[in-house]
Amino acid sequence: MTTTWHADEGLLSGYSHGELDDVRASSLEAHLLGCGRCRELLASAADRTSLDRMWSGISETVDAPQAGLVERALVGLGVREHVARLLAATPSLRLSWFLAEAVALGFAVWAANEAVGGVREDLAMLMFLVIAALLPVAGVAAAYGPGVDPAYDIGRASPMQSLRLLLIRAVAVLGASALIASLGAVALPSLDWRFGAWLLPSLALTLASLALSTYVLPLTAAGLVTFVWLLVAAIATTSSGDRFIVFRGTGQTVFVLVVAVSALVIAQRRDVFEQGGRR
Amino acid sequence: LCSPGDREGGVGTKSDETDEELLQAVAQRDREALRLLYERHAPWLVPRLARRCADPGIVEEVVQDTFVAVWKGARRYRGQGDVAAWIWGIGIRRLIDRLRRRSSHIPMPLERSATVVSAEDEVLLGVEHGDLGAALGRLSPELRAVIQATALDGLTTKEAARLLDIPQGTVKTRLMRARRELREALA
């Protein structure tokens with residue numbers, strides 16, 4: 001609209017204070033939509049405090065990092081926003097990590113299916129159980145600590161306790177790994193007691209590596225636990241006639257003990273987590 | 001003399017860029033451009049929304065929502081009309097969304113001051129709307145609110161119903177009556 005008419009300050013001030021009647025206000029609004037000069041005049045008399053307050057809200061939203069798919073899904077599931085952000089920043093809760101887990105397990109499942117009924121099926125089953133028990137250990141080790149965690153500093157600066165954050169992430173990783181292992185187990189040739197035999201061992205190994213990480217670096221702790229686990233599994237399997245000895249009653253009892261001792265150590269040494277862990 | 005895309009400098013803005021250029025920059029994730037657009041357009045958006053919603057807290061939230069939407073959706077502006085009109089379209093719809101989410105909202109009182117149209121106002125109305133202004137002034141507040149929401153704010157009858165908190169059917173009948181009265185007044 002091209003016009004030579006412009007609003008004066010009195011009219012604009014009446015408008016911004018809500019003192020104009022409907023007809024005048026409406027017609028001024030129609031004019032303002034097309035007239036930069038009158039908008040500018042209105043802007044010069046606007047309430048700075050309120051404008052600045054609103055702007056700080058806008059710039060906060062605009063500057064906030066875009067929530068990823070995982071984070072939005074977590075929020076949608078009712079996880080609180082800051083927890084969702086810290087979870088989504090967990091390196092071992094990324095798709096690539098899950099793919100790696102799936103490939104490792106998938107190989108064992110494939111091997112078991114290739115050699116149905118033989119000694120090699122048993123070996124493949126053993127491999128599946130051993131790997132399934134190890135997955136969360138690696139996942140949790142890669143879930144926190146300097147060097148692996150890009151959100152390490154954010155996590156350290158967050159008001160949440162480091163141990164709590166660590167446990168939240170460990171639970172998430174355990175849950176996700178358990179889901180993948182369960183899917184793998186369904187694809188095994190024989191569905192028997194071994195379907196869930198890795199569950200307690202994986203919990204025990206994860207807690208053991210967490211407890212150990214109060215003494216050494218998380219990655220070192222995970223490496224040590226993995227090494228000891230593989231060694232024990234190999235020795236126990238070869239020295240006794242039963243290949244699955246570590247997953248049977250006695251073995252599971254030992255794992256219950258490991259869970260208890262590890263939980264005790266973590267509770268005792270929780271301060272180490274708050275100080276940023278051992279370096 | 002001013003027209004859409006007028007070069008405007010001064011007040012809070014050091015930039016000579018037009019709104020369209022600023023919007024393009026915003027689409028390229030230019031924060032400073034968003035700030036300039038905000039400085040130009042928030043000052044009129046606030047009172048215009050405040051005329052349609054009595055709660056200043058909601059108005060502030062809606063203004064913030066609007067500029068966040070401008071930041072996210074600057075790409076969607078395809079040079080159709082004034083940038084100001086485009087921003088208004090976002091703002092009024094955000095307001096309606098916000099009001100709908102509240103269980104009940106208090107619509108603005110339709111009349112805030114007695115309609116005494118002075119000679120000076122007649123000139124203004126004559127400039128902007130011709131005789132329409134005077135005719136609008138003679139409409140009942142209910143009919144005028146409906147005309148304002150649809151013809152001036154550019155809302156659909158459904159959106160107007162939400163804004164005014166009345167059934168859509170009522171909007172339609174009032175709109176027909178208002179149009180008939182206006183036609184008669186302008187005949």
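**Entry 1: helix α2 of chain A.** I began with α2(A), which is mostly covered, with twelve of its 13 residues buried. One caution before going on: this is a predicted model. The helix runs over residues 22-34. From first C-alpha to last I get 19 Å, close to the 18 Å expected at 1.5 Å a residue.

At the start of the helix I looked at D21(A). A side-chain oxygen of D21(A) comes to within 3.0 Å of the backbone nitrogen of V23(A).

Entry 2: Is H6(A) buried or exposed? With 17% relative accessibility, H6(A) counts as buried, because the cut-off for buried is under 20%.

**Entry 3: E29(A) and its partner.** E29(A) has a relative accessible area of 2%. Which side chain does E29(A) meet in a salt bridge? It is R51(B), at 2.8 Å from N to O. This pair crosses between chains: R51(B) is in the loop between α2 (31-50) and α3 (56-73) of chain B, while E29(A) is in helix α2 of chain A. R51(B) is buried as well, at 8% relative accessibility.

I checked whether the pair stands alone. E29(A) and R51(B) belong to a network of salt bridges that also links D22(A), R48(B), R52(B), R144(B) and D153(B).

**Entry 4: another bridge across the chains.** Next I looked up E60(B) and R53(A). Their side chains meet in a salt bridge at 2.5 Å, N to O. E60(B) is in helix α3 of chain B and R53(A) is in helix α4 (residues 48-63) of chain A, so this pair joins two chains. As for cover, R53(A) is partly exposed, with a relative accessible area of 47%.

**Entry 5: a bridge inside chain B.** How many residues apart are R93(B) and E159(B)? I first confirmed the bridge: the closest N and O atoms of R93(B) and E159(B) are 2.8 Å apart. The two residues are 66 residues apart and link distant parts of the chain, with R93(B) in helix α4 (residues 83-101) and E159(B) in helix α8 of chain B.

The cover of the two partners came next. E159(B) is buried at 15%, and R93(B) is partly exposed at 31%.

Helix α8 of chain B covers residues 157-164. A polar atom of the E159(B) side chain lies 3.0 Å from the backbone nitrogen of T156(B). Leaving out residues up to four places away in sequence, E159(B) touches R93(B) and I96(B).

For the tally, I count 19 salt bridges over all chains.

**Entry 6: the greasy spot on chain A.** F227(A), V228(A), L231(A), V232(A) and I235(A) form a nonpolar patch on the surface, with about 460 Å² of accessible area together. I235(A) is in helix α12 (residues 218-239) of chain A.

**Entry 7: chain A overall.** Last, the totals. Chain A has 14 helices and zero strands. Buried residues make up 47% of its 279 residues. Among contacts between residues at least 6 apart in sequence, 70% join residues at least 24 apart. Chain A exposes about 13,700 Å², and carbon and sulfur atoms supply 65% of that area.

Note on methods: Residues are numbered from 1 along each chain as its sequence is written. Chains are lettered from A and ligands numbered from 1 in the order in which they are written. This is a predicted model: local features need pLDDT of at least 70, side-chain atom pairs count only at pLDDT 80 or more; totals for chains, interfaces and linings use all residues. Side-chain values use heavy atoms; hydrogens and water are left out. Helices (H or I, at least four residues) and strands (E, at least two) are DSSP runs, numbered from the N terminus. A polar contact is a pair of N or O atoms within 3.5 Å; within protein, one must be able to donate a hydrogen and the other to accept it, and residues adjacent in sequence count only if both atoms are side-chain atoms. Contact means heavy atoms within 4.5 Å. Patches are made of residues with over 30% relative accessible area and no salt bridge: like charges are joined within 9 Å, nonpolar side chains (Val, Leu, Ile, Met, Phe, Trp, Tyr) within 5 Å. Accessible areas come from the Shrake-Rupley method with a 1.4 Å probe; for residues, only the protein chains shown count as cover. A salt bridge is a side-chain nitrogen of Lys or Arg within 4 Å of a carboxyl oxygen of Asp or Glu. The expected span of a helix is 1.5 Å times one less than its number of residues. Buried means under 20% relative accessible area, exposed over 50%, partly exposed in between (1.4 Å probe, protein chains only).
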